[in-house]
Amino acid sequence: MSDSWRRVALASSLEDVDSTVGEIISRVQAGDQAALAELYDRYADTLLALAYRILRDRAEAEDVLLEVLERAWREADRFDPERGSVRVWLTVMVRSRALDLLRVRRRRERVAAEAARSGDEGVGFRGTAGDASELEDLRRHVVTALQELPPAQREAIELAYYGGLSQSEIAARLSLPLGTVKTRMRDGLQKLRVVLRPIHAGQAL
Amino acid sequence: MNPDDRDEPRDLAAAYVLDALDPADARAFEAQLARSAELRKEVTELREAAALIPLSAPSVPRDDAALKARLLSRVRGASAGALRSPRRSVWMAWVGWAAAAALAVVAGLQWFRASSLSEQLARREATLDEILEPSTQLILLTATGERPPGIQLFWNKAGGRVVLHAFNLPPAAQGRAYQLWFLRDGAPVPGGTFNSDPDGHALVTVAGPPADLTLIGAAVTDEPAGGSAQPTTTPVVVGTIGGE
């Protein structure tokens, strides 16, 4: 299968995952609990994986997932499609909350270095038995995109995304000039955007 | 932070999206963002790309039935019911009194209960968008005294919303809140309620006055936490449109 063809197929599969989510959000806004369960079905896997990748603690990650979905339920009125997709809204909330907890824990344990380093196992990938196959395809595509980045760029992105570190902190951690970290982060995310654009451009919402 | 002229705004967008900018860079970038629709589009696209990153994180085995049950027990009665309905019913009572007092105020309540940097930034961006909208009119509410409280209202007429910024305003007592009033020729029309931080600041987005109302000014009073249908205390601050 050619790469471009494959991207078209992937775009339509993300559309399957993210489409009609606007309708679900409307029902959530109206207080429909079944709609909340549907939101869970669509995004729980990714959101829990994200929280776990940051926190490395299943119970804490589950708490974050539930807290964010509850918040989405309470604050559905505040969701504004003009500012990004539902996927962005939920992942930003999960990441923020998980990073808040991570920072609290780091302060408590005073082991800043250890916590973000623990994410440094390369890009792991493991699906679960119940996963929808289109989601699996999407994941493979994103994993491939990340793996194709120069490792230094990927490291900068992952230390920021999963470790919650600022550019200065990353520069200090890696003993690199700040400018180098800035360049790696910019080039890396721009590349990801180009590779992933056909996917997220296909999203409804 | 040493000034680094080589950083073009576009170069900072990726780090901004990853919340990785150092504070001085973040402030500089936000100033650019407020001015450039193109840059906002860039940020939106990068956010969509970044939101796909966690698809690559390994799945975590989980018990969906148990988690969903926990989720539903969390929301049942606790949120949509308790948080929305009573407030709405308060507002509904006002509708009869003040015609079209907008229900959308509920959405703006506690808009600024910040919990993380990225959300703070996103909210700040939204607030800037409201304030920088061409139709936005500034109304100053003032008082007299030693260190008087003041409130700036940025009335976004196109969007029908008001960004309210208060300063030197001591927090309302337990069970009380501040309430915004829209002044017209006749009884004041109730607006949203809010409270200030211990440092005397408040920044909230609330619904604007009904579209058919000829606004001559605005005021803020101290009211019971749920808000009142008509002012029950003397205004803390008052301002009129087009003058002191």
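## Close-up views of a predicted two-chain model

Of the 205 residues in chain A, 52% are buried. The structure shown in these views is a predicted model, so please read every value here as computed from it.

**View 1. Chain A is built from helices.** Welcome to chain A, whose secondary structure consists of 10 helices and 0 strands. Read from the N terminus, its elements go α-α-α-α-α-α-α-α-α-α. If we take the contacts in chain A between residues at least 6 apart in sequence, 67% of them join residues at least 24 apart. The chain exposes about 8,500 Å², and carbon and sulfur atoms supply 50% of that area.

**View 2. The largest nonpolar core draws on both chains.** This core has 81 residues, and those with the most contacts inside it are A:L39, A:V86, A:L90, A:L189, A:L192, B:F29 and B:I53. Which helix gives the most to this core? It is helix α3 of chain A, residues 33-55, with 13 residues. Apart from this core lies another one, of 23 residues, which includes B:L180, B:F182, B:F194 and B:A218.

**View 3. A closer look at A:L192.** Leaving aside residues up to four places away in sequence, which residues does A:L192 touch? Within chain A, the partners are A:A145, A:L146, A:L149, A:I157 and A:R197. From chain B, B:I53 joins the list. Both A:L192 and B:I53 are among the residues with the most contacts inside the 81-residue core.

**View 4. Two helices of chain B cross.** Two packed helices are described by the angle between their axes and the distance between the axes. Here the axes of α1 (residues 9-17) and α2 (residues 23-35) of chain B come within 10 Å and cross at roughly 115°. The crossing of α1(B) and α2(B) is left-handed. On the α1(B) side, the contact is made by B:P9, B:L12, B:A13 and B:Y16.

**View 5. A four-stranded open sheet in chain B.** The order of the 4 strands is β5-β4-β7-β8, with antiparallel pairing. Why is one side of β5 and of β8 left without a neighbour in the sheet? Strands β5 (186-194) and β8 stand at the edges, each with a single partner strand, so one side of each has no neighbour there. From one strand to the next, the twist averages 30°. Antiparallel strands β4(B) and β7(B) are joined by 8 bridges, and B:W181 stands opposite B:A219 in β7(B).

**View 6. Strand β8 of chain B shows two faces.** In a regular strand the side chains alternate between the two faces of the sheet. Along β8 (residues 237-240), B:V237 and B:G239 point to one face and are buried. Strand β7 (residues 217-224) runs antiparallel to β8(B), with 4 bridges joining the two; B:G217 stands opposite B:T240.

**View 7. Two loop residues with positive phi.** Most residues other than glycine have a negative phi. A:S175, however, has a positive phi near 50°, and its place is in the loop between α9 (167-174) and α10 (178-200) of chain A. Its relative accessibility is 66%, over the 50% cut-off, so A:S175 counts as exposed. In chain B, the phi of B:N168 is also positive, near 55°. B:N168 is found in the loop between β3 (161-167) and β4 (176-184) and, at 23% relative accessibility, counts as partly exposed.

Conventions:
Residues are numbered from 1 along each chain as its sequence is written. Chains are lettered from A and ligands numbered from 1 in the order in which they are written. This is a predicted model: local features need pLDDT of at least 70, side-chain atom pairs count only at pLDDT 80 or more; totals for chains, interfaces and linings use all residues. Side-chain values use heavy atoms; hydrogens and water are left out. Buried means under 20% relative accessible area, exposed over 50%, partly exposed in between (1.4 Å probe, protein chains only). Contact means heavy atoms within 4.5 Å. Accessible areas come from the Shrake-Rupley method with a 1.4 Å probe; for residues, only the protein chains shown count as cover. A nonpolar core is a set of buried Ala, Val, Leu, Ile, Met, Phe, Trp, Tyr and Cys residues joined through side-chain atoms within 4.5 Å. Two strands pair if DSSP finds at least two bridges between them. Axes are lines fitted to C-alpha atoms, for helices over the stretch in contact, and angles run from 0 to 180 degrees between N-to-C directions. A crossing is left-handed if the near helix is turned anticlockwise from the far one by less than a right angle, and right-handed if clockwise.
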